[in-house]
Structures are given as structure tokens and as C-alpha cells.
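These are my notebook entries on one protein model. I record what I looked up, topic by topic.

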Amino acid sequence: MSNYRPRGAIAKVFFDRIHNDDVIQQIDMTTWYTMGKLPRKYGGLYHHLNGPDELTLEWLERSKKTSGRFWLQLCHEVAKLFLNMFMTQTDINGFLKRGSMFILSEMQFDEFLTAGGFFQHRERQSALNLCDIGAGDGEVTLRLVHTLQQKRSWQVTTYATESSWTMRNRLNEKNFIVLETLNQIHQADLIVCFNVLDRCFDPHVMLSDIYESLDQTGFALIALVLPYSHYVEKSKYSCCYILCSFLMQWGAFEIVFNTKLLYFVLGWVRDIIERLQM
């Protein structure tokens with residue numbers, strides 16, 4: 001029964017409403033940030049994140065509550081049946097104001113950027129340029145912006161790219177500068193590319209664009225969904241040695257650190273946990 005999934009929108013909503021809490025309680029959350037044995041050339045680059053921290057658990061609790069709102073989930077499932085005929089899944093999420101992501105908490109962003117030496121290069125700067133590629137609704141971007149603003153009194157100019165028109169509207173609501181292409185920004189201090197390389201036409205062109213848009217001392221935060229499968233959105237965990245190998249073969253970047261992390265989708269608790277158990 002642990003692998004049973006009902007068919008039909010209404011049956012799925014009922015099933016998730018009953019079983020979500022039990023599923024979460026059975027998971028050892030410390031394994032989310034723990035890697036097995038890595039190849040020697042990548043093991044020395046691995047940075048273990050301590051988690052889940054308090055902010056991650058708070059977000060997970062919020063996601064559980066959203067997932068447990070029966071009538072909201074039922075309305076979304078019914079709407080999807082109609083909207084799927086002429087909208088992509090990402091456009092539907094933006095239209096329904098759902099699908100917010102969680103990858104790193106503010107404390108984890110701070111820990112990872114500090115360990116990588118990002119802040120050491122910018123002690124005398126008064127402003128930062130940040131760009132998030134495929135920013136979605138911008139919730140992850142906002143969390144990163146808050147991290148930077150709390151660390152220093154920087155004026156952060158936030159750029160974003162996003163292919164979904166509904167998500168671009170949500171980014172505009174947050175006063176982000178939405179770019180048509182990454183080539184419109186130059187000398188960026190930090191570029192974020194979370195779970196986009198597996199969805200773009202040519203990852204090598206994407207990496208080249210990132211490299212060309214960065215300042216000479218700029219940093220890129222890149223996450224890759226594993227197992228790697230182009231244009232597949234169902235896997236929910238990110239990053240480790242396949243990404244390192246990919247970047248090393250490409251050759252332009254210096255890899256400072258890598259880690260294992262989760263990305264959650266607000267309200268889709270059971271789907272996330274099942275992917276982690278695969």
C-alpha cells in the first residue's frame with residue numbers, strides 16, 4: 001500500500017489529504033542532505049549542509065497545510081483538467097498562484113555562500129547585481145535577496161529570466177527586472193541557475209551565457225535535478241557529482257563547492273516524498 005496511488009483527480013486529493021502526515025513522519029529528514037561515497041576528485045569539494053533547519057521545517061509545515069486544504073486542491077485539480085488543453089504546467093501554476101519552490105533557507109544560503117568565499121570578494125561593495133535564471137514565481141530569489149541584505153547593507157538589483165508568461169507577471173509584481181535573455185546583463189555578481197539546465201535546449205550554451213554575464217569575480221549557483229533527464233520535471237532532488245563532471249568537462253568554471261539539497265514544491269508533499277524514496 002505504501003506505493004499505491006489512486007487514479008482520478010478527486011480520488012488523489014482524498015488520498016493525499018489522509019496520508020500526507022503519515023508519510024512525512026516516516027521520513028528521516030537528515031538523509032536529505034547526506035551523500036553516499038563520492039568519487040575522490042569530487043569528494044573534496046563536497047560541503048555538507050546541516051539540515052533541515054528551523055526555516056526549512058517551517059516551510060514544510062506550511063506546505064503540509066496547503067496540501068491538506070481539500071477544497072483548494074480539488075479546485076486546482078479540476079482547473080488543471082481544463083487548462084492543460086492550452087497551457088503548459090508552469091503557466092498553469094503561475095495562473096493558479098501555486099507551485100512555489102523551496103531550495104535553501106536564508107541560513108543555508110548564507111552558509112553556502114560564506115563557505116564558497118562569495119562575501120570575501122565584496123566587502124567594499126555597496127551594491128550587488130543578482131540574476132536568477134528561470135526564476136518561476138520568485139520566491140527562491142526573494143529568499144536569496146533577503147540573505148544578501150541581512151549579511152551587508154547592500155543595494156541589491158534583482159534581475160530574472162522566465163519563459164512562462166504567468167510567472168513573468170508574478171516576478172513583475174515583486175519588482176524584479178525581467179529580462180528576455182541573459183545576454184542583457186553584464187558583470188553580474190551572482191547568477192542563480194536552479195534546475196534549468198535539464199530544461200534548456202543546449203546546456204552548454206546556457207553555461208556559456210552564464211560565464212559571459214558574470215563579473216570577473218562573480219559566482220554562479222547551479223543546481224541540477226538528478227537523475228538527469230532532459231525536459232522531465234518529476235524528479236525533486238538536486239545536485240552532486242554529475243553536475244561537477246558536467247562543469248569540469250565544459251572547463252570554464254572553477255568549482256568551489258558542491259552539495260546535496262532538496263527542492264520542495266508548495267502543497268505537493270506526498271509527490272516530493274515519494275520521489276525521495278525512489
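I began with a definition: a nonpolar core is a set of buried Ala, Val, Leu, Ile, Met, Phe, Trp, Tyr and Cys residues joined through side-chain atoms within 4.5 Å, where buried means under 20% relative accessible area (1.4 Å probe, protein chains only).

I note that this is a predicted model, in which local features need pLDDT of at least 70, side-chain atom pairs count only at pLDDT 80 or more, and totals for chains, interfaces and linings use all residues. Residues are numbered from 1 along each chain as its sequence is written, and side-chain values use heavy atoms, with hydrogens and water left out.

**Core.** I looked up the largest nonpolar core and found 35 residues, of which Leu-148 and Leu-190 touch the most other members. Helix 7 gives the most to this core, with 4 residues; helices (H or I, at least four residues) and strands (E, at least two) are DSSP runs, numbered from the N terminus. I then listed contacts (heavy atoms within 4.5 Å). Leaving aside residues up to four places away in sequence, Leu-190 touches Leu-113, Phe-118 and Leu-144, among others.

I traced an open sheet of 5 strands in the order 4-3-2-5-6, with parallel pairing; two strands pair if DSSP finds at least two bridges between them. Strand 4 and strand 6 each have a single partner strand, so one side of each lacks a neighbour in the sheet. Strand 3 (residues 155-161) and strand 4 are joined by 3 bridges. I also recorded that Tyr-159 has Ile-177 of strand 4 as its bridge partner.

**Confidence.** I checked pLDDT, the predictor's confidence in each residue, from 0 to 100. The protein chain has a mean of 77, and pLDDT stays under 50 over residues 232-242.

Conventions:
Buried < 20%, exposed > 50% of the residue type's maximum accessible area, 1.4 Å probe, protein only.
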